[in-house]
Amino acid sequence: MTAALRFDPIRLPPKCEELRKEVRAFLAEEMARGTFNPFKPNREDTDVPEFSRRVGERGWIGITWPKKYGGHERSFLERYVVTEEMRVANAPTRRFFVADRQSGPILLKYAPEHIKMDILPRICRGELCFAIGMSEPNSGSDLFAAKTRATKTDGGYLINGTKIWTSSAHIADYMIAIFRTSQPTKENRRHGLTQFLVKMKQPGIKVNPIGQITGQYEFNEVVFTDYFIPDDHVLGEVDGAWKQATSELAYERSGPERFLETYYVLTELVRAVGNDPDTRSAEGIGRLVAQLHTMRRMSVSVAGMLQAGKEPVVEASIVKDIGTVWEQQLPHRVRDLAAFVEETASNRETLERQLDFAIKTAPKLTIQGGTTEVLRGIIARGLGLR
Amino acid sequence: MAESDNIVVETAEKIFADLADPQTINNDKKDAWKAPLWQALSEAGLPLAWVPDDLGGSGASLADGFALLNAAGRFAIAVPLAETMLAGWLLAQAKIASPEGEMTVLPASPKDRITLDPDGSLSGRVRGVPFAKAARHFAVLTHDASGVSIALVDAGKAKVEAGLNVGYDDSDVVTLDKIAPITIKPAPNHLDQTTVMLMGGVARSLQIAGALESMLDISVRYSNERVAFEKKISKFQAVQHNLAKLAGESAAALAAATSAADAIANATAFNDAVYLEAASAKIRCAEAAEKGGAIAHQVHGAIGFTIEHILHRYSLRALAWRDDFGSESYWAVELGKLVAARGADELWPLVASR
């Protein structure tokens, strides 16, 4: 048969459950000391440096990385547990999450030793924030249309051009970006892009904030003007970034953050309907919980495959496709089900405030980190259709 | 398609491939394939897979039996294999030996009841019983004031009103009117009608997941053959995206069903976590049967709507299986009530319990 999709029923080992308890206790402490409010996903300040450092102290950043770089050589399943508990609690992970999920692994694979020794331990300590420089004004999903140039000069490259929609660029210490080092060839339009490590907060880089429809300012325009990057900051093969991009997608696309972004409205809905819901509410909640449970089982399964050294790119794309569509619809489904919630429900205001924010957040969920259209193209390729 | 990684599934797949080829079956208007298929399955000990050796079965593990049901779904097997397996499993819970031949389970719907009268006879009218007409015996879950019992009943003594489900398989109304069972014993403490419905629901979930795997497979193959507007329809982005969605539904069904099967196979009790797994599987697989089946038909166009084409063997059965052992609406209401009763702050711990 053509389709060989596998989602083995991975079960989290006991040490994951121990870790889960530790993470929950830590998050409860952080809430108690006022670091963040789990009921306010729309807080203005999602960047909390001291929280990052305390997560780092616990050893929960770079948890799977080699010890010599500050990591803890624990499993992807353990990382999974930390990620999902942080996400469900609405913890302010913005400062370290990108580095933990994808920038660190890229450095591990492609950076020279002295850079790994310098940067990775600082990521693990929660001291560094990373951004990802992919999109440009005329290059979004079509990654290989990127035009920002890296021109060879003595000892390095000069960068000129603009990246856009770059989350966290305004607070980031580093960016991992792709720049054009050569023109594409006739045979391979993906040729000619190179991945670089970019030190932020330097002359030659200007970060302009862009307002979002949620009222937040989390993404940016980043303009490079004759910005110098030394040779040892090239990550991987010059002109060959396209070979490096795909295998990492499984890490980026299958995690719990791909279906839990708006989870908080479901919790509040359950609170609002109370212990003895009417049939309509019960059925609605039952279906949503069944869908959520299924996605989590798929996502855990992909984490298990990653742990086993596989590259489940198609399975990961399926998780992100189904997961992001679900988390996008969730606030609207919850709104439907909450339509008849009693005026007197104790958390009515909280639920309304959360729905307001979740409904505004929803449109981005099927765009960021690989649009639904791109994902379905990858799945179709995996099915042998392209 | 999941690889066969155990001998039970390998044996079954060989029999299915030899004697239950969907196209051969679909062309056979006289059901001549049924008897040889059932005989081969019986000789291999598969219908009584879940019955221990000392009770007349072949003593396979729960996990192997679940994998077998998933394989049966991939071939849209239309003999009472799942039903006989469930009946054998139920009887074995009360240490009742299984007889030879086809069986099915009563009741097959959460709200139907068979009552045990003080004189030891059984009464009740239960609907939507799969393959009751074909069954020689019924495994019956019955209630009286003192609790739950399990009985073996001669099907010949019951009144069976024949019917067909949406997939053209037998789905009958069975009436027991003061029938004396062949054997009756008390059910073990942990077992009640909900347990039986969850077990049956997971069986159906695995069958639906298997049918969806095959629907995906034949839809992909067809799209790579069919030419329209001077190219293979698989080259149209709209078709590709539809098939990607079908793959997603198939994957979700497989993940939900195999996870629930794994949960039951390793469970010491039917606690809330197992309930979540089993109920979710039935809900999500039923949703996938609807969404995925619609796409498989859309890709096939008119040819898939013909009785000659094999697609309906999968698509209609997957839809029909939604109804057995509690529909997705039923389980969604029950799961929603469970979640609400536990309270908002206990939802995540439940979801994250495995």
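These are my notebook entries on chain B of a predicted model and on its contact with chain A.

**Entry 1: chain B as a whole**

I began with the secondary structure of chain B and found 11 helices and 10 strands. I then looked up the radius of gyration, which is 20 Å for chain B and lies close to the 20 Å that the globule rule gives for 354 residues, so the chain is as compact as a globular protein of that length. The box filled by the C-alpha atoms of chain B, taken along the principal axes, is roughly 75 × 55 × 35 Å. For burial I noted that 56% of the 354 residues in chain B are buried. I also checked how far apart in sequence the contacting residues lie: of the contacts in chain B between residues at least 6 apart, 72% join residues at least 24 apart.

**Entry 2: the side of chain B that touches chain A**

I next turned to the contact between the chains, to which chain B gives 47 residues and chain A gives 50 residues. On the side of chain B, the elements that each supply at least two residues are α6 (193-223), α7 (237-265), α8 (272-300), α10 (328-342) and α11 (347-351). Of what touches chain A, α7(B) gives the most, with 15 residues. Sorted by class, this side of chain B holds 27 nonpolar, 12 polar and 8 charged residues.

**Entry 3: α7(B)**

I tested the length of α7(B) against expectation: at 1.5 Å a residue its 29 residues should span 42 Å, and the end C-alpha atoms are 41 Å apart, which agrees. The helix is mostly covered, since I find 26 of the 29 residues of α7(B) buried.

**Entry 4: α7(B) against α10(A)**

I looked up how these two helices pack, and the angle between α10(A) and α7(B) is about 95°, with the axes 10 Å apart. That angle makes α10(A) roughly perpendicular to α7(B). Where they meet, Ile318(A), Asp321(A) and Ile322(A) of α10(A) face Ala247(B), Gly248(B), Ala251(B) and Ala252(B) of α7(B) in contact. I sorted the residues of this contact into 5 nonpolar, 1 polar and 1 charged.

**Entry 5: α12(A)**

Finally I followed helix α12 of chain A, residues 372-382, whose buried residues are Leu375(A), Arg376(A), Gly377(A), Ile378(A), Ile379(A), Ala380(A) and Gly382(A). These buried residues of α12(A) pack against α10 (313-337) of chain A together with α7 of chain B. Just after α12(A), I noted that Gly384(A) takes a positive phi of about 85°.

Key. Residues are numbered from 1 along each chain as its sequence is written. Chains are lettered from A and ligands numbered from 1 in the order in which they are written. This is a predicted model: local features need pLDDT of at least 70, side-chain atom pairs count only at pLDDT 80 or more; totals for chains, interfaces and linings use all residues. Helices (H or I, at least four residues) and strands (E, at least two) are DSSP runs, numbered from the N terminus. The radius of gyration is taken over C-alpha atoms; the globule rule is 2.2 Å times the number of residues to the power 0.38. A residue is buried if 20 or more other C-beta atoms lie within 10 Å of its own, exposed if 12 or fewer, and partly exposed in between; C-beta atoms are placed from the backbone. Two residues are in contact if their C-beta atoms, placed from the backbone, lie within 7 Å. Ala, Val, Leu, Ile, Met, Phe, Trp, Tyr, Cys and Pro count as nonpolar, Asp, Glu, Lys and Arg as charged, and the others, Gly among them, as polar. The expected span of a helix is 1.5 Å times one less than its number of residues. Axes are lines fitted to C-alpha atoms, for helices over the stretch in contact, and angles run from 0 to 180 degrees between N-to-C directions. Angles under 35 degrees count as roughly parallel, over 145 as roughly antiparallel, 65 to 115 as roughly perpendicular and the rest as oblique.
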